[in-house]
Each structure stands twice: as structure tokens, then as C-alpha cells.
Amino acid sequence: MELGKIIKAINPDEVLNYKDVDIKGISYNSKTINSHEIFVCLKGEHVDGHEFAQMAFEKGAVALMVERPLNIEIPQLVVKSTQKKIADLACCFYHNPSHELNLVGITGTNGKTTVTHLVQKIVEEDQKRCALIGTLGYKLSSSDDYLEAKHTTPQAPELQRTLSVILKKDILNVITEVSSHALEQSRVRGCRFSGAVLTNLTQDHLDFHITMENYFKAKAKLFSELEKGSFAVINNDDKWADRFLEAVPEGVNVLTYGVKKDSSLMAKDIEFTSRGVRFTCVCGEEKETIQLHLNGMFSVYNALAAIGVGISMGISMKTCKNALEGTRSVAGRFEIVNSEPMVIVDYAHTPDGLENILRAARELTPKNANLICLFGCGGDRDATKRPKMGKIAQALSDKVVITSDNPRSEDPQQIITDILSGLKLINPKTVFVEPDRHLAIELLKNIAAPEDVVIVAGKGHEDYQILSDRTIHFDDREEVQKVFSTLPLTK
């Protein structure tokens, strides 16, 4: 694309050293830049891209997007915020693919990944093609393998490129997770969403957002920017629901869902069994009894959110029912990886998430058996949730194993100390501490009886562990397999 067309589209504050060069790509990483690309100088928490502009030029960059002029003799587009304008640049370069797609964004603290997968199944059950973008990567259909993703919501150039690839394959429906970071950092700026979903809002990412109010405002952007004729699906039982409903503009079709509060879409007569959860889904005069292969009250909410999207897209509840009843667990989301004892791996890494899975696991735990929880907390993240998670684990489990998650640059023992501060009593017969996650999982063999239920929480689908000086391969499911005879992993 000619630089002149980009300048016209993004309207920079100033253009220096102009000549109409051909732009073949967008880069914000000087290590991976290719010849004839425009290099965008992003300013992050720890790194300023302006410091790497010379390196990018030497490696083939033919233009720069900057927040301040640099002493480099190539075209420079000067803007107030490269973080915002990189999204505009990406939309322009890839010809605004979201404008031709039915793009639905799923946001919330917990449940985003599961809901996106359930919605994909529902749309495909309706005989339409549907792509998915999220934490596990992106896939062009539910039967495809994941392609790698670096973030829950990719950076703007990767996101727009992915949407462009999807569009070129004549796939018109896309379900994407939308993280609070993506909204705050303008990664989805320029995207035209046909619909938006709120799963819930509970404490997470306060290391980044600082307050829950800031966290809410970031999430609310997805709803406040919806256009007339689009739809919003909102969890009416969430304590922030009214605030999100207020953020939705006039002319947007709103569907609420819930179990407790009167809502457009409701789950009633809920029954939990070892085979899953059964409930009656009610929307106006329409009713369907649904038997999920998933378990826990959170699965009911996730199913309602997905059904809400289906109904908002004009898909019948019967079709939604058929899709959901044929769906197994998502990798690392309440995934049963062993039978005796029943070992469940889950991504829960927030107080609310941990409470939800432990309550669901208690429903599966025989009366005379123990519920065991193994978890840790990530380093360089919100430390205030650590004692809260410790308190929840002790209150809802019979035995607790506290270990490391992704300690990053923090001392694992300090993270564990923070968790332990939330416990009422540290009984060596019920509370076990092992900083090495591998050894902690091995410990389960000594403390879990065949009839017990074990939750291994925090990392879910992740196949790595981030230490202070390196990242190593580590998969909770594989580690459990080494200790117990296991069921096949979810594909």
C-alpha cells in the first residue's frame, strides 16, 4: 500500500521527509521487522520503541510512526498516540475486514474462552462457518487446530491480519475474546462489532487497572461503542450489570440472561450430576431442557451467554440446545484428566474463578471423600488477590496444596507467604506447601485417595511456566499424567 493512502486514512499531526514509498507490512518489533515495512514506535511500561527506530531502519523499515520526530532520514508520521494510531494504521492496511464480518466480542473476567467455543459450535450447528480468536489462539472452525496467539486479544496488526485471512476464506462469522488490556490499549480500535457479551466482572488485572472502576470502564468500552442494530448480551446476575446496561447506546438490541434475577433468558430447574448439568432454558414462551457435558454453575452461565448470542443472531433455541449437548470441555477449562482420583485442570486464577470451580467440584465429591485444591498465584500481578484466594481455597476444600504458578521476577516463596496470610489456620495435615509445581503435583499421589476430587488450578491450557530467568515447558495435564493413569487430553 502506498504511504500516501495511509496518510490520508489515518490523518497524522505531521509528516516529515515525505516520499510515497510502498508499504508491505506493519511492525512494532525491531527484531522481526522485514524490508519495506512501516515501524511503529510503541511506548510500553518498560520499553520505548523510539529507541529501536534506528535498528528498524537499518533492517529495512521504509517509514516510521512516531510520537516525536527522530533524526532518521525516512518518512515519519508524527501522532499523539502510536498505541491508538497503530490500530487505525492496521485497519487501513488490511482494508477494514471487520466491516464485512459478523464480529462478536466476548468480554468478562471469567468464562470468555468457554463462551467463544460454545458460540462457535452454535453457529456451526446452524450450518454457517465461524472462526474463533482468543486465549488459546485462533481457529477457522471448531474442528481445526489452534494457531498460536501471543495475547488473549492480539495486537492490532495481528488482529486485523487475522480478520483479513478469515474474510478471504469466505468465513463471515467471527467470535473473539476481548480482554480489558485490549480495550484499554486500543487493540480493537476500528473494529465494527455486531455484538458484545459480558460474562461477569470480578477482581483481576488490578496491577494494570489499579481500581475496579477503571477495570469496569475498560470493559464498558466494548458496549458503549456498539452501533445501532447491533446486540448486547449481559449477565443480569452480575453486580456490575446495571452499569453495563447503562453503557449500551440506544438502538442496540439488549438481551439479559441469569439464574437469580428476572432476565430475558433464564436457566431454571438446575440439576448437577456426575455426567454434567441439566437445566431448563426459558426465553419468553420458548423452553428447552438442556443436558450439558460440562459441570458447575459457571457452566450454566456460560451456556446462557452462548445461547443469548445465538438467539441474538436469529438462531433457534433448539439449534443452540443441539450444539451445546454435543460439546465437551474446552482444553484447560474444568478438564477432567484422571478418573481415580478425579483430577480436574482449570485455568481459574482469580478469587471468583477459584470459588466457582471449587463449588462445582464439591458437587462431584462423594460425601466421605476429600476435595483437594492445588494452586498458586502469578508473580508481577495483582498481589491483593493472593490472600483472598488462600482464604477461598481453605474454606471450600478439605486439603490445600500451595505452590508456584508463573512467578516471573518475584520470589516464589514470597508469593506463597502472601497466599498463606489468608488462611485461618495452617494445619500440616490439611495444608501443604511445595514451591516446585512439579513436586507439588507429585505430592498429590500421597494425599489423594481414589475416591477424592482434585482441582489443579491456575494454568489450565498453558504449556509453559515463566520463571525469573527463563520460560520452561510445563503442562499441568502432562504432569498429572506422569503421576496418575489418565484419560485422553481434550483436543
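Visitor: Which residue in β17 is the bridge partner of glutamate 335?
Guide: Valine 345 is the partner of glutamate 335. Strands are DSSP runs of E, at least two residues, and helices are runs of H or I, at least four, numbered from the N terminus. This is a predicted model, where local features need pLDDT of at least 70 and side-chain atom pairs pLDDT 80 or more, while totals for chains, interfaces and linings use all residues. Residues are numbered from 1 along each chain as its sequence is written, and side-chain values use heavy atoms, leaving out hydrogens and water.

Visitor: How do β16 and β17 run, parallel or antiparallel?
Guide: Strands of a sheet pair through backbone hydrogen bonds, in either sense. DSSP must find at least two bridges for a pair. Strand β16 (residues 335-338) and strand β17 (residues 342-346) run antiparallel, joined by three bridges. A hairpin of three residues links β16 to β17.

Visitor: Which peptide bond is cis here?
Guide: Most peptide bonds are trans. The bond joining glutamate 340 and proline 341 is cis, with omega about -5°. Proline 341 sits in the loop between β16 and β17.

Visitor: What is the strand order in the open sheet?
Guide: Read across five strands: β1-β5-β4-β3-β2, with mixed pairing. Neighbouring strands are turned by 20° against each other on average, direction ignored. Inside the sheet, β4 (residues 63-66) and β5 (residues 76-78) pair in the parallel sense over three bridges. There, leucine 64 has glutamine 76 of β5 as its bridge partner.

Visitor: Which helix packs on that sheet?
Guide: Helix α1 (residues 3-10) does, touching β1, β4 and β5. Contact means heavy atoms within 4.5 Å. The direction of α1 makes about 0° with that of β5. Angles run from 0 to 180 degrees between N-to-C directions, on axes fitted to C-alpha atoms, for helices over the stretch in contact.

Visitor: How are α3 and α5 placed?
Guide: The axes of α3 (residues 82-93) and α5 (residues 156-168) come within 8 Å and cross at roughly 20°. So α3 and α5 are roughly parallel, a label for angles under 35 degrees. Ile86, Ala87, Ala90 and Cys91 of α3 meet Ala156, Pro157 and Gln160 of α5.

Visitor: Is threonine 403 buried or exposed?
Guide: Threonine 403 is buried, with a relative accessible area of 0%. Buried means under 20%, exposed over 50%, and partly exposed in between, using a 1.4 Å probe and protein chains only. The loop between β19 and α14 holds threonine 403. A polar atom of the threonine 403 side chain lies 3.4 Å from the backbone oxygen of proline 435. Beyond four places in sequence, threonine 403 touches residues including Leu374, Ile416 and Ala440.

Visitor: Which residues of α14 are buried?
Guide: In α14 (residues 412-420), they are Ile415, Ile416, Asp418, Ile419 and Leu420. Their cover includes β18 (371-375), α13 (385-396), β19 (399-402) and β20 (431-433). Aspartate 411 caps the N-terminal end of α14, with a side-chain oxygen 3.1 Å from the backbone nitrogen of glutamine 413.

Visitor: Where is aspartate 269, and what is its phi?
Guide: Most residues other than glycine have a negative phi. Aspartate 269 has a positive value near 50°. Aspartate 269 lies in strand β13 (residues 265-273) and is exposed, at 59% relative accessibility. Arginine 408 also has a positive phi, about 55°. Arginine 408 is in the loop between β19 and α14 and is buried, at 17%.

Terms used
Polar contact = N/O pair within 3.5 Å; in protein donor to acceptor, adjacent residues only side chain to side chain. Parallel < 35°, antiparallel > 145°, perpendicular 65-115°, else oblique.
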